[in-house]
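Please look over the assembly shown here, with attention to how its chains are arranged and how two of them meet. A short report follows.

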Amino acid sequence: MINYNPKDWFTFIFRIHKADTVKRLFPMFVAIALYSAAIAWLELEVFRLSEKDHIRNITAMHGLLGFVISLLLVFRTNTAYDRWWEGRRQWGLLVNNSRNLALKLQAILPKGHPARAYFHTMIPNYAFAMKDHLRGEFHIHSLEGLTAEETAALDGQRHMPNQVAAFIMNKTGELYRQQVITGDQLITINAQLESLTDICGACERIKNTPIPFSYSVFLKKFIFFYVMTLPMGYVFGLGYLVIPMVVFIFYVLASLELIAEEIEDPFGKDANDLPTDVISGNIRKHVQEII
Amino acid sequence: MINYNPKDWFTFIFRIHKADTVKRLFPMFVAIALYSAAIAWLELEVFRLSEKDHIRNITAMHGLLGFVISLLLVFRTNTAYDRWWEGRRQWGLLVNNSRNLALKLQAILPKGHPARAYFHTMIPNYAFAMKDHLRGEFHIHSLEGLTAEETAALDGQRHMPNQVAAFIMNKTGELYRQQVITGDQLITINAQLESLTDICGACERIKNTPIPFSYSVFLKKFIFFYVMTLPMGYVFGLGYLVIPMVVFIFYVLASLELIAEEIEDPFGKDANDLPTDVISGNIRKHVQEII
Amino acid sequence: MINYNPKDWFTFIFRIHKADTVKRLFPMFVAIALYSAAIAWLELEVFRLSEKDHIRNITAMHGLLGFVISLLLVFRTNTAYDRWWEGRRQWGLLVNNSRNLALKLQAILPKGHPARAYFHTMIPNYAFAMKDHLRGEFHIHSLEGLTAEETAALDGQRHMPNQVAAFIMNKTGELYRQQVITGDQLITINAQLESLTDICGACERIKNTPIPFSYSVFLKKFIFFYVMTLPMGYVFGLGYLVIPMVVFIFYVLASLELIAEEIEDPFGKDANDLPTDVISGNIRKHVQEII
Amino acid sequence: MINYNPKDWFTFIFRIHKADTVKRLFPMFVAIALYSAAIAWLELEVFRLSEKDHIRNITAMHGLLGFVISLLLVFRTNTAYDRWWEGRRQWGLLVNNSRNLALKLQAILPKGHPARAYFHTMIPNYAFAMKDHLRGEFHIHSLEGLTAEETAALDGQRHMPNQVAAFIMNKTGELYRQQVITGDQLITINAQLESLTDICGACERIKNTPIPFSYSVFLKKFIFFYVMTLPMGYVFGLGYLVIPMVVFIFYVLASLELIAEEIEDPFGKDANDLPTDVISGNIRKHVQEII
Amino acid sequence: MINYNPKDWFTFIFRIHKADTVKRLFPMFVAIALYSAAIAWLELEVFRLSEKDHIRNITAMHGLLGFVISLLLVFRTNTAYDRWWEGRRQWGLLVNNSRNLALKLQAILPKGHPARAYFHTMIPNYAFAMKDHLRGEFHIHSLEGLTAEETAALDGQRHMPNQVAAFIMNKTGELYRQQVITGDQLITINAQLESLTDICGACERIKNTPIPFSYSVFLKKFIFFYVMTLPMGYVFGLGYLVIPMVVFIFYVLASLELIAEEIEDPFGKDANDLPTDVISGNIRKHVQEII
């Protein structure tokens with residue numbers, strides 16, 4: 001994620017950031033400009049269509065469909081943003097539950113009990129295992145304080161967050177059997193223990209479920225035909241000015257689709273993705289301050 | 001569900017996928033084109049209506065109602081998408097709760113206790129029973145590890161997921177009476193146990209409740225009369241170009257209704273439906289890694 | 001509720017169902033048509049207003065307010081639909097909680113314990129009492145398995161679902177005092193026990209709270225004046241064609257308001273209401289399969 | 001709140017209810033009409049501006065901004081309605097939790113135990129204390145069954161619902177210490193006990209937080225300038241007909257803002273406010289039927 | 001936050017409050033006015049472009065994109081408002097949970113027990129620590145009743161709310177070990193104890209996550225180019241009247257973006273921010289009335 005000052009308008013408007021859609025769409029801008037120029041040249045110079053030609057009124061269609069395309073792009077934007085925001089909320093829940101679990105365990109476990117050191121490293125490990133898992137990666141070195149036995153037990157081919165969750169579950173189960181944690185205390189930490197797996201599952205769901213194929217294909221077809229037919233009618237009123245106008249309209253419509261595509265899977269390493277590296281680091285820092 | 005790369009615009013625009021609305025609406029395109037051609041021929045060649053004829057201004061109505069039809073289609077799209085997404089969320093909850101139940105039970109049950117094997121097969125069985133139930137089917141062979149007694153007890157005429165849930169409930173009740181599971185532990189697994197039936201009920205609700213009949217009938221009547229009256233007024237400005245324009249507008253409006261119809265019941269085997277086969281398989285795989 | 005096949009367009013478009021707004025608005029269509037005809041006749045034949053008359057441009061107002069009326073009708077549609085869908089969700093919760101309560105109790109209560117028979121009839125009774133209560137009715141015969149004592153205790157003048165909930169609460173309280181249900185088990189069924197009253201209260205809230213009076217009165221006044229002034233301006237461009245146009249626009253606007261009115265109280269016996277009779281029946285069927 | 005029959009269109013359209021915005025905006029209608037007449041007279045009679053004058057085209061601005069103002073008013077309407085509906089939901093929760101608390105306590109407390117009479121009056125008292133508190137009032141006589149000691153202990157200067165909640169909390173705490181309520185039973189009534197304060201806090205939040213000042217001021221400035229500039233351009237096309245048109249547009253825009261202002265604080269005694277007197281009365285009636 | 005009477009329209013319209021966007025955008029108004037005047041002068045006086053020049057029709061583009069820009073600004077407004085309102089809701093939850101924790105503890109702890117005084121000061125301290133933390137500040141003097149030992153233990157470089165939460169957790173843990181709080185009572189206060197950290201985490205999430213960079217940059221570029229091209233086409237119809245029109249349209253579009261920027265981080269000291277100082281003070285006042 002890019003940290004930025006939302007109030008610095010000047011930079012926003014005149015600098016072209018690498019994640020800016022202007023940059024990524026630039027080749028398309030050239031193609032659309034050439035296409036519009038060709039249409040304008042054909043209609044105005046080659047066929048010398050008169051002002052009365054029926055094709056002029058094709059603009060009526062663009063007016064009628066303008067609502068639909070705008071509303072669909074807002075629908076697209078909303079659903080993509082909702083996933084991004086839900087992903088952020090899930091990571092926020094991971095922060096909260098890691099902290100609460102650490103706070104409760106440090107109040108429960110006697111000073112100097114070895115399990116304190118165990119949770120000191122294992123609670124943050126869950127965040128790191130999940131971060132890598134959501135990127136389809138696994139880095140054993142990002143997990144801290146593993147014993148040789150635990151390192152050997154971890155199987156990189158299996159679901160890594162589940163294995164770390166099992167470590168934590170088994171340790172609390174063991175402490176309960178030893179009566180270090182009483183039954184009442186077990187009940188009070190249950191919500192935090194189960195939240196880890198719930199959060200991981202919610203993030204997997206966001207990652208693995210793009211919007212339905214039919215909407216995606218329909219929206220792209222719609223934008224394409226809408227923009228391709230734009231110069232045909234407007235060339236009569238605008239002459240060669242139709243070229244920048246079509247490019248600008250394409251910029252607006254395609255940017256919305258492009259940004260939506262990028263943010264709907266927010267767990268990668270792109271410029272707009274969530275800063276899961278930073279959040280994982282903060283979880284480790286804060287949990288280790290607590291316990 | 002179709003797995004696709006949302007960034008591959010070229011394929012989206014020029015390939016006609018079998019789930020594409022272009023393909024499914026093609027016969028209607030031909031009918032609408034013929035109808036528009038007939039209207040154009042009648043108005044322009046047979047009746048030779050002049051540019052001043054009142055019918056020309058019927059386009060005002062299409063302008064005024066353009067907002068309403070766009071907003072209604074977005075309402076339709078939103079409600080259908082919400083069901084699809086809620087269905088996905090419920091299946092995500094099933095993943096989470098199956099995993100959490102397995103994680104907790106493997107921490108509670110002593111190594112080598114026979115109940116571990118029981119839950120190893122029975123927790124994933126719930127997902128399979130529910131998947132088939134939502135399709136109105138029942139396949140005994142998709143349930144694993146049933147004893148002869150259990151197979152005999154299952155009644156294909158009765159609600160299958162409830163029967164599997166009863167197996168799980170009874171087994172945990174029995175373990176509680178034997179004090180293998182303590183009262184405190186029973187309380188900590190209660191949320192997962194009851195979630196199974198809640199998820200199944202939520203999916204049944206989505207499946208059995210299309211949007212109210214009145215909206216469905218009103219929207220179809222509205223689209224029909226809107227498109228049928230379109231060529232009458234626009235033929236004066238557009239001549240025979242009215243034919244592709246009406247077809248394109250019909251494509252946009254009908255596609256939205258068609259996609260909405262398809263995704264509002266997301267548990268079937270259509271191209272846009274949720275991949276419940278894959279999710280059930282993953283539940284089995286991950287649960288069996290855990291316990 | 002009407003069960004229908006949403007993919008059968010032909011029937012939707014050409015058949016007039018009894019719940020169809022076309023049927024219910026028909027008398028209004030005639031009145032609006034006569035009114036528009038009168039306006040057209042007055043302006044065109046009696047006063048012979050010229051094309052330059054200022055009244056022609058009143059159409060500008062309809063253009064400017066077209067957005068507002070569309071957006072308001074969508075707001076109306078959304079809020080009405082949300083109530084309908086929330087009502088459906090509450091009944092879905094009743095299904096889930098009835099099933100879960102039965103599943104848990106059959107696991108808790110020893111085989112052959114008389115309380116099994118009690119819950120076998122009493123859990124479904126809650127759904128029937130609530131269904132009738134939401135219609136302002138009370139049918140003692142829809143409750144099954146009541147003892148003479150219970151029948152005598154029920155007071156038709158008092159809140160019926162609360163009385164059935166009290167039966168269930170008292171029975172579980174008694175079983176807890178007899179230690180048939182342990183304290184831990186009581187905690188695990190607590191959520192289901194309290195859900196019954198929560199669901200009933202939520203449905204009463206939906207039923208008793210239409211949208212604020214001011215919106216309702218404002219929207220109806222707005223639609224009325226909007227439609228009444230429509231023919232005044234459009235008659236110049238459209239001549240007597242203004243009659244079907246005004247009728248069609250009225251059909252669209254009034255249908256939306258009419259459908260919203262009908263579905264915002266979804267617990268009655270209208271065509272668009274929720275199938276609470278069927279759901280109650282299914283609750284009885286499934287609960288009685290379980291316990 | 002006004003109880004009304006939403007299907008009685010005739011009354012809605014022709015009767016002017018006292019809460020109707022038509023009545024409240026009437027003085028403004030006169031002022032706007034005079035202002036529009038003055039603008040029309042100046043432009044048409046005094047300055048005799050020609051049809052070609054640039055001011056005629058100021059209407060383009062109203063077209064462009066028509067979307068924005070409509071969407072903003074819908075945003076305003078949505079947020080105000082959401083508060084009103086959330087307020088209603090909170091009162092619905094109070095109904096549910098009061099009933100559930102009474103249902104559970106009557107099952108827990110032995111027949112004839114004096115605490116039954118205590119909760120018989122004290123649970124409904126919470127609703128009355130909260131209703132008055134949300135109006136900035138305090139009426140000791142609306143609380144029933146207080147002992148002389150309790151009456152003396154209540155401090156009208158302090159937060160009244162908190163004091164009633166403390167009475168209930170202390171009584172249940174005392175019953176728990178006397179083992180009339182077991183630990184397991186205490187856990188099962190905990191959710192209801194804490195809900196009282198949560199509901200009161202949520203209502204206070206709605207009451208004390210109007211939408212951000214900047215939106216309120218911006219929206220009013222926007223409506224004002226939009227309406228004030230309307231007659232300037234439209235007078236050329238409409239002549240003196242501009243007067244009713246501007247008044248009608250003002251009626252629509254200002255009504256939406258006015259209704260939103262009224263319903264966003266729904267706990268008072270205005271016509272559109274929630275019927276908290278009736279709801280409190282029903283809570284007392286139903287709770288006292290139960291315990 | 002500014003307390004205001006939403007019904008006082010006159011003040012809203014004619015007074016320029018310091019938080020008013022009119023004031024903050026004033027320098028931009030001057031710049032836009034000069035720019036528009038220059039464009040008008042160039043087109044009308046220098047180049048003397050005819051009415052037929054193609055540039056006149058660039059207005060078509062503004063019409064087509066008018067929807068998109070309006071809908072995007074409403075999307076921006078909605079997301080910013082949602083954060084502001086969620087921030088308010090989280091602070092409301094802090095109020096509720098602080099009160100409920102105090103209510104429960106005063107019912108649990110015997111009269112005169114020293115822990116009562118501890119919670120009397122420590123529960124409100126959490127609100128003050130969190131308020132300062134969300135502003136990146138730390139004021140030791142805003143925490144009341146700390147012992148010398150506690151003051152020494154607090155580390156200003158570490159997460160302050162977590163440290164206060166740890167104090168509360170440890171005290172309840174200690175009281176549980178001393179059996180002043182029973183296991184059942186510990187379970188009943190668990191939700192309040194863990195809510196503190198959950199609320200703080202949710203506020204941190206809102207504060208640290210502006211909307212995705214791409215949307216922010218795209219929206220600002222879009223508004224800029226839209227407004228900059230406005231005078232080019234409209235100058236033909238409006239002459240020098242294009243200057244106030246462009247300024248007014250800029251006022252509307254930029255105000256929405258500006259207000260959204262301001263309210264999306266609601267925990268500072270700006271005019272539109274939440275009154276966290278007042279809320280913290282009220283928490284202290286009400287909690288100290290209770291315990």
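What rotation and what shift along its axis superpose chain B on chain C?

## Basis of the report

This is a predicted model, in which local features need pLDDT of at least 70 and side-chain atom pairs count only at pLDDT 80 or more, while totals for chains, interfaces and linings use all residues. Residues are numbered from 1 along each chain as its sequence is written, chains are lettered from A in the order in which they are written, and side-chain values use heavy atoms, with hydrogens and water left out.

## Relation of chains B and C

Chain B is superposed on chain C by a rotation of 72° with 0.0 Å of shift along its axis, at an RMSD of 0.0 Å (least squares on the C-alpha atoms of residues with pLDDT of at least 70 in both copies). The two copies are therefore related as by a five-fold rotation axis. They use different surfaces, since 7% of the contact residues of chain B recur in chain C (contact means heavy atoms within 4.5 Å).

## Interface of chains C and D

In the pairing of chain C with chain D, 58 residues of chain C are in contact with 66 residues of chain D. Between them the two chains bury about 6,100 Å², 69% of it on carbon and sulfur atoms (the accessible area, with a 1.4 Å probe, lost on being put together and summed over both).

Three salt bridges are counted between chain C and chain D (a side-chain nitrogen of Lys or Arg within 4 Å of a carboxyl oxygen of Asp or Glu). One salt bridge joins the side chains of C:Arg158 and D:Glu289, at 3.8 Å, N to O.
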